[in-house]
Structure formats: C-alpha cells, structure tokens
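Biologist: I'd like to learn how to read helix packing in a model. Could you walk me through it?

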Amino acid sequence: MKALALPCVILASLLAFSLWNGQVITDFTQQCSETLALADQQAKNEQWAEAEQSLLTSYEHWSARQTFLHIMVHHDAIGEAEALYRRAQAYVQARDLASFQAELTALRSQLRILSEMEQPSIRNAL
C-alpha cells in the first residue's frame, strides 16, 4: 500500500495543476474577450477613440501574461492571436468598421481556442 502512496500523490498533484491551469487560462481569455466585445460595441457606436483604448487595454492584459502563456500554451496559437491583435489595431486606427469587426471576431475565436486547448478533456489527452 505504501508503494502506491507516492504515485497517487504525484498524479493528484498533476491533476490539480492541470485543473488550475485550465481555469487560469479560461479566466484570462474571458477577460480579454470581454474587453474586445466592448471595443466592438464602441466601434459600432462610432466611438473610435474609446474602441482603440479598449483594444489597447485588452492587448496590455495579453502582453502582461506572455511569459506564462509561452510556458503553458502552444506557441503557434499565441503567434496567431498576436497577429490578430496587430491587424485589429491597424483597422481601428483606419476606422474600418467591417474589417475591425472581422478581426475582433477572429481574435475572440482564437482566444476561445486557447482556452479550450487547456481544458481537461479526452480530446486534449489524446
């Protein structure tokens, strides 16, 4: 029985860490996504300066977690989100509503994918 104690503790610790990591990533991406939704609404209302500020707020939140993300998430997914942020910034500065909304939609989708990649599931385990 004692021989099984250490492996069980290790497995339980790994499970706890996986669940914690998944929740942290989910909370983080949800917060970024909510700020992007605000930017979208502001752009629809022709409040371009506010939309640009909301996009910048979301990007600053994103940038503050880069080290953590690079450790925990696939680099390709991070690079894609980074490119989407840059394109959205260009469109908000150009005041191009349709393109800005398309980039925000793609960016929010990418953030959702990042979150899903870190959730404990059979699909992610295989």
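Modeller: Let's take the helix pairs, then the core, then one serine.

Modeller: Some ground rules: this is a predicted model, so local features need pLDDT of at least 70 and side-chain atom pairs count only at pLDDT 80 or more, while totals for chains, interfaces and linings use all residues. Residues are numbered from 1 along each chain as its sequence is written, and side-chain values use heavy atoms, with hydrogens and water left out.

Biologist: How do I describe two packed helices?

Modeller: You give the angle between their axes and the distance between the axes. Axes here are lines fitted to C-alpha atoms, for helices over the stretch in contact, with angles running from 0 to 180 degrees between N-to-C directions. Helices are DSSP runs (H or I, at least four residues), numbered from the N terminus.

Biologist: At what angle do α1 and α5 pack?

Modeller: At about 170°, with the axes 9 Å apart. That makes α1 roughly antiparallel to α5 (over 145 degrees; under 35 degrees would be roughly parallel).

Biologist: What kinds of residues make up the contact of α1 with α5?

Modeller: They divide into 12 nonpolar, five polar and three charged. Nonpolar covers Ala, Val, Leu, Ile, Met, Phe, Trp, Tyr, Cys and Pro; charged covers Asp, Glu, Lys and Arg; the others, Gly among them, are polar. Contact means heavy atoms within 4.5 Å.

Biologist: And how do α2 and α5 cross?

Modeller: The axes of α2 (residues 48–64) and α5 (residues 97–117) come within 14 Å and cross at roughly 25°. That makes α2 roughly parallel to α5. Trp48, Ala51, Leu55 and Trp62 in α2 meet Leu97, Phe100, Leu104, Leu111 and Leu114 in α5. By class, that contact has nine nonpolar, no polar and no charged residues.

Biologist: What about the core?

Modeller: In soluble globular proteins, nonpolar side chains tend to be buried together. A nonpolar core is a set of buried Ala, Val, Leu, Ile, Met, Phe, Trp, Tyr and Cys residues joined through side-chain atoms within 4.5 Å. The largest one here has 25 residues, and Leu55, Trp62, Tyr85, Phe100 and Leu111 have the most contacts inside it. The largest share of this core, seven residues, comes from α4.

Biologist: Is Ser58 buried or exposed?

Modeller: Ser58 is buried, with a relative accessible area of 1% (buried is under 20%, exposed over 50%, partly exposed in between, using a 1.4 Å probe and protein chains only). This serine is found in α2. Leaving aside neighbours within four places in sequence, Ser58 is in contact with Cys32, Thr35, Leu36 and Tyr85.

Definitions and conventions. Helices (H or I, at least four residues) and strands (E, at least two) are DSSP runs, numbered from the N terminus. Angles under 35 degrees count as roughly parallel, over 145 as roughly antiparallel, 65 to 115 as roughly perpendicular and the rest as oblique.
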